[in-house]
Every structure is written in C-alpha cells, then in structure tokens.
Amino acid sequence: MEAAGNDLLLRALLREPTPRRPVWLMRQAGRYLPEYREARARAGSFMALCTNPQLACEVTLQPIERYPLDAAILFSDILTIPHAMRLGLEFEAGEGPRFAHPVRTAADIARLPLPDPGTDLRYVIDAVALIRRELHGRVPLIGFAGSPWTVATYMVEGGGSKLFPAIKRMIYAAPRELHRLLELLARATILYLNAQIGAGAQAVMLFDTWGGALTPAHYEEFSLPYMAQILDGLTRHADGRVVPRIVFTKGGGAWLDKLLAIGCDAAGVDWTTDLADARARVGDRLALQGNLDPAALHAPPEVLDAEVRRVLESFGRGPGHVFNLGHGITPDVDPQSVARLIEAVRRYRLD
Ligand code: CP3
C-alpha cells in the first residue's frame, strides 16, 4: 500500500522521477461498470448524472473504490459548454449526443452566449469541489474540457460524425465564421477550466478527439492555436503546486512536435503511434500519456499482460510516462480485465 497522498500522476506529468508508472484510464467511470449502470438508471439519464454534483461525485469515485488507480477524472462531458450555450443537448440511448439547434450560420454564431461557469456550469464546479473533498487526498483529480475544434464539430454537425461534412464545408467556404466560433469556445473554456482549477482540479486535460480529422495545415489553423490560447489563459499554480496540462489529439501522432510550443506538459498518444518513436521526437520536453489499444482489454489475460509490457517497454526507462489507453474504455469490457491491466502496470519495474 502507498501512503495517503499519492501524487505519482502530478510528478510524472512534470517528468519528475516516480517509483513506478502512474496509471489511469480514459472513461474509467462508465458503462462497463455495473455500479455505473445502476447509478445512471437511478438518475434517469446521462445528463441527469452529470448535472447532479452528488451523483457525479459518486460515479467519479466508483473506479477509485474498485481499483488501485493513480488518478480520478471528473465525471462530466466535453459538451457541457454547448449545453450551457442552450443548443438543446440530448443523449439518446445508443445514439450518442444530439443538438436540437446546430450552429451553421454567422447569425447562429453571433447569437451564442459566453457561459459563466459560476452560474451556467455551477453543477460541474460544485462536483469538482465535492469530489476533491471526498477523495481525501487519495489520488489527484483531473479536470477537463474538449478542444474548441472538437466541441465545434458536435455543435456544427448537430451530433457525432465520421466525415464532418458541415464543419469541413465551413473550413473551406466560411473560415472566418468558424474562427469566430472557435474563439468564443476558447474564451469559454479558459473560464471553465480556471473555475475547475479554483474548485480543486489538480491537473487538466484537453480532449482534441477529432483533431486527427484535419489536414496538417488545418490542424495548425483550426485546432492548435485555440488550444494554445486556452493553455496561455490557465491558472498555472494551485495549492502551491503546478497544475499540469495534458493535450490529447487523437490521430495526431505525426504532429507531436507542434505541441512543444503551446504550453502543455504532456501529450496524450493514441495506439497508432509507437511510444519509443514519440519519445524520440519530443525528448525530455513533454511527458507522454498512453497508449494501449483499448481492444487489448478483450485479449486473454497473458496476452493483455504482454501488451501492457510492450507499452511500458516502448516508452523505456526514465520519468515522464503516464500509462493509459490510446482512447476510452468501451462499454463491452469485462471489469476484471481492467483490474488485470492495472495490476500489470503496478507490478512492472523498469526504472
Ligand atoms: O473519462 C472519464 O471517465 C470521465 C468522463 C468523460 C465522459 N465523456 C463521460 C461520458 C469524459 C472525459 C468524456 C469526454 C468526451 N465526451 C469526449 C472526449 C473523449 C473521447 O472519448 O473521445 C467526447 C468526444 C465526448 C462526447 C460524447 N459523450 C460522446 C460522443 C458520447 C456518446 C458515446 C458513448 O460512449 O456513448 C458521450 C457520452 C458519455 N460521456 C458517456 C460517458 C460515460 C456514455 C453515456 C452513457 O452513460 O450512456
């Protein structure tokens, strides 16, 4: 057992030495856990869970009670900001998010309000404060938001998309309008994340889930500068410690060098990039977080162990690695596989 006050995550994100690699998992609180499905049924819906600080706190802590994880991540969603902009967000069972009022025209964009986290997103900020209290310092709490580009894809398409036809059309036919939307989202996200930090978030992560759908030039024009703007506006210290920032551009493995100049401490890496190669490119300038293929959680136990080892060894020796998946846990995963994965990371000593 480790002493109370496990801060391995915060140290690894700043590339400070740790006795072992910290591990947490994207979507560690979610549908693969029976206790999550029970809490969601009790709440009535996913958004009812998110908007009730007590329930959001309960669900955040579920994976922490079940597994020896090294971090908690706020239970919420990247779409809380457009929800607060009154776009009529709904999660239909099995369908993913839908907006009743997608944003398509200059007039739609001009009408959007700048949400005040102290009122419009109060439920998130209250959840952060409550979770921090209930964690009793066991592990650090990660706050998060979506990147402006990724959040904008949902607002413009009206929901999830594979090819992003509407927002890609905006890139080519109405780039100035799109920039106005991204600028507003960046300003909203600075206020939102600073409120999370003020309430107790000890690290923050930007989810740029759809950054990899852009061309390299469009990534530099429509995603990267807005993430840079956010990082530039964030509170750097809380409780006398640096608040590390993680940027995860899914599908962005070829562009890791572009993250060196935007003020993040760590880059999230998906499973399509080799960690040794990523590390060779960023050197000791960024920590890396990732990158086990989430599908490896369906492998037989010994194969899962070997895949975990492969990820740990591809990073190699020395500080600056946070073990994670390359994307979120899927709902069909057996909770016992998650236990096995965490155990395999904790057992492993290379440094
Ligand atoms: O990681 C965690 O445990 C924290 C909670 C978290 C959720 N969403 C809960 C959630 C986080 C960090 C997110 C981020 C998020 N939300 C992203 C970026 C990360 C990623 O996965 O790429 C995106 C793109 C969204 C938008 C979103 N929310 C989609 C597309 C969906 C539907 C897809 C799905 O998995 O059902 C959601 C819903 C959602 N967000 C669920 C959870 C646990 C499932 C809701 C349910 O209970 O049915």
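Helices (H or I, at least four residues) and strands (E, at least two) are DSSP runs, numbered from the N terminus. With that in hand, let us look at the model.

This is a predicted model, in which local features need pLDDT of at least 70 and side-chain atom pairs count only at pLDDT 80 or more, while totals for chains, interfaces and linings use all residues. Residues are numbered from 1 along each chain as its sequence is written, and side-chain values use heavy atoms, with hydrogens and water left out.

## Around the ligand

The ligand sits in the largest pocket. Here a pocket is, on a 1 Å grid over the protein atoms alone, an open set of points where a 1.4 Å probe fits, with protein on both sides within 12 Å along at least five of seven lines; a molecule sits in it if more than half of its atoms lie within 2 Å of its grid points. Helix H2 (34-43) and strand E3 (96-99) are the elements that give two or more residues to the shell around the ligand.

There are 22 residues around the ligand, and Arg27, Arg31, Tyr36, Arg40 and His327 come nearest (a residue is near if one of its heavy atoms lies within 4 Å). The shell has 13 nonpolar, five polar and four charged residues, where Ala, Val, Leu, Ile, Met, Phe, Trp, Tyr, Cys and Pro count as nonpolar, Asp, Glu, Lys and Arg as charged, and the others, Gly among them, as polar.

| Residue | Protein atom | Distance to a ligand oxygen atom |
|---|---|---|
| Arg27 | backbone N or O | 2.7 Å |
| Ala29 | backbone N or O | 3.2 Å |
| Arg40 | side-chain N or O | 2.4 Å |

On its own the ligand has 870 Å² of accessible area, and the protein covers 88% of that (Shrake-Rupley method, 1.4 Å probe).

## Backbone features worth a look

Arg27 turns up again here: its phi is positive, about 60°, although Arg27 is not a glycine. Arg27 is found in the loop between helix H1 (8-13) and H2. Why does Arg27 count as exposed? Because its relative accessibility is 54%, and exposed means over 50% relative accessible area (buried is under 20%, partly exposed in between; 1.4 Å probe, protein chains only).

Asp239, likewise a residue other than glycine, has a positive phi near 50°. Asp239 lies in the loop between strand E6 (237-238) and strand E7 (241-242), and is exposed, with a relative accessible area of 63%.

Finally, Gly290 and Asn291 are joined by a cis peptide bond, with omega about -5°. Asn291 belongs to strand E10 (residues 287-292).

Note on methods
A polar contact is a pair of N or O atoms within 3.5 Å; within protein, one must be able to donate a hydrogen and the other to accept it, and residues adjacent in sequence count only if both atoms are side-chain atoms. On a 1 Å grid over the protein atoms alone, a cavity is a set of points where a 1.4 Å probe fits but cannot get out, and a pocket is an open set with protein on both sides within 12 Å along at least five of seven lines; lining residues have an atom within 4 Å of a point.
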